[in-house]
Amino acid sequence: MKHLLAQLMEGQPLSQDQAVEAFERIMSGQASPTQIAALLTLLAQRGPTVEELVGAAMVMRQKAARVEAPAGLRLIDTCGTGGDHAGTFNISTAAAIIAAGAGWSQGVAVAKHGNRSVTSSSGSSQALEVLGVKLQVSPATQRRCLEEAGVCFCFAPAHHPAMKHAAAVRTELGFRTIFNLVGPLTNPAGAKRQVVGVFASRLTPLIASALERLGAEEAMVVHGQIPSDGRHVDGLDELSTAGPSQVSHVQEGQIRTYEVDPTTLGLPFSHPSALRVADPAASGAMIRQILAGQHGPARDIACLNAAAALVVAGLASDLAEGVERAAEAIDRGAAQQALDKLIAITQADGNGKG
């Protein structure tokens, strides 16, 4: 580990193989807290390279507790980095449920990867708990959720036990590290189609390149802007209806970066205040209202992000069609049905904790 730290101190990035070596030492408990802190700090100061992200993700994937999906299902994920400090309801969680409702009959299922929140009002796991979903369930139950509900939740701490070796250091450091970026690259069910929200626009091509190297079939890495004092500033690790969004789209081995204007999709601009919540209970209540058919800014942004999931799943040719399919899944009750099944199946599980 010392030679790798010395190399970083000299300003030289790690190769992919060296990153594998470094993170294997961290996640197998061979690195000391001081070494872990030094490595994470050095990488955070300049920002990780694609090779460093890929190497770290390869180790984390190898050590993850896997979800074995039923054969024939096309899996997608809507996990983002978090860390946008925007305080919105759990948009990607709502999008996952809607996409599941739209895709289940077409052989598409959502393996939603997520965690508790550190920087926002509500993490995906907290919102799902409010809705009645049991988080820690057996692998057999997760498989059944995918097969019968079209969606399962992969609670990150339950699937990445090797992360315990870095947990205390990350807490002590208190700033974003490479692990915030690697998490969305390590879906426990091996989903090869993803929508990944990132907390800064500069990250969309970087994360897209890492996903392409890691074998993604199709992915959209997105960052949305929100207005502040009359200007557009970095804001959401989601596609935004409060401003334009940047997308880096991985498709057929190529990466295209472009901007999405929600008004071209028939969605009105919304003020960020209409999307903010104080806590998980408020987030869960907003998701319930969306699924019950209530129109407004929350539904619009949930449908937009579900549309991206349907595009990468191959169920919509573009975002405009995806928005229509997402709205239809809500209006015909398919999205609510997906959530109801997820709740019922997880609550019937006799293993793990709630």
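## Largest cavity

About 70 Å³ of space lies in the largest cavity. This is a predicted model. A search of the whole structure finds three cavities of 30 Å³ or more.

The largest cavity is lined by Thr 78, Gly 80, Ser 92, Ala 95, Val 195, Val 196, Gly 197, Val 222, Asp 237, Glu 238 and Asn 305. By class, this lining holds four nonpolar, five polar and two charged residues. Helix α5, residues 91-103, and strand β4, residues 193-197, each give at least two residues to the lining. Strand β4 gives the most, with three residues.

## Second largest pocket

The second largest pocket contains about 230 Å³ of space. Its lining has 13 residues, and those nearest the centre of the pocket are Ala 44, Gly 47, Pro 48, Leu 181 and Arg 202. The lining divides into eight nonpolar, two polar and three charged residues.

Two helices, α3 (33-46) and α10, each supply at least two residues of the lining of this pocket. The largest share, three residues, comes from α3.

## Aromatic pairs

How many aromatic pairs does the structure hold? There are two aromatic pairs. Phe 23 and Phe 179 form an aromatic pair with edge-to-face geometry, the centres being 5.6 Å apart and the planes at 90 degrees. Phe 23 belongs to helix α2 (residues 16-27) and Phe 179 to helix α10 (residues 178-182), so the pair ties together parts that are 156 residues apart in sequence. Phe 23 and Phe 179 are both buried.

Helix α10 therefore carries Phe 179 of this pair, and α10 also supplies at least two residues of the lining of the second largest pocket.

## Charges over rings

Arg 176 lies over the face of Phe 199, at 3.7 Å from the ring centre. Lys 341 lies over the face of Trp 104, where the distance to the ring centre is 4.4 Å.

## Cysteines

The structure contains zero disulfides. For Cys 154, the nearest cysteine sulfur is that of Cys 152, at 4.0 Å, and Cys 154 is in no disulfide.

Is Cys 154 buried or exposed? Cys 154 is buried, and its relative accessible area is 0%. Cys 303 also counts as buried, at 4% relative accessibility.

## Helix α11 and the residue after it

Which residues of helix α11 (residues 204-213) are buried? They are Thr 204, Leu 206, Ile 207, Ala 208, Ala 210 and Leu 211. Just after α11, Gly 215 adopts a positive phi of about 95 degrees.

## A positive phi at Glu 252

Glu 252 is not a glycine, yet it has a positive phi of about 55 degrees. Where does Glu 252 lie? Glu 252 is in the loop between strands β7 (245-251) and β8 (254-260). The relative accessible area of Glu 252 is 76%, so the residue counts as exposed.

Arg 170 is part of helix α9, residues 164-173. With 27% relative accessibility, Arg 170 counts as partly exposed. In sequence, Arg 170 and Leu 40 are 130 residues apart, while in space their C-alpha atoms are 8.5 Å apart.

Arg 143 is found in helix α7, residues 139-148. Its relative accessible area is 36%, and Arg 143 is therefore partly exposed. Arg 143 and Ala 189 are separated by 46 residues in sequence and by 9.4 Å in space, C-alpha to C-alpha.

Terms used. Residues numbered from 1 in each chain as written. Predicted model: local features only at pLDDT ≥ 70, side-chain atom pairs only at ≥ 80, totals over all residues. Heavy atoms only, no water. Phe/Tyr/Trp six-rings, centres within 6.5 Å; stacked < 30°, edge-to-face > 60°. Helix = DSSP H or I, 4+ residues; strand = E, 2+ residues; numbered from the N terminus. Buried < 20%, exposed > 50% of the residue type's maximum accessible area, 1.4 Å probe, protein only. Lys NZ or Arg CZ within 6 Å of the ring centre and 35° of its normal. Disulfide = S-S within 2.5 Å. 1 Å grid on protein atoms, 1.4 Å probe; cavity = no way out; pocket = protein on both sides within 12 Å on 5 of 7 lines; lining within 4 Å. Points joined across faces, edges and corners; volume = space filled by probe spheres on them. Nonpolar A, V, L, I, M, F, W, Y, C, P; charged D, E, K, R; others polar.
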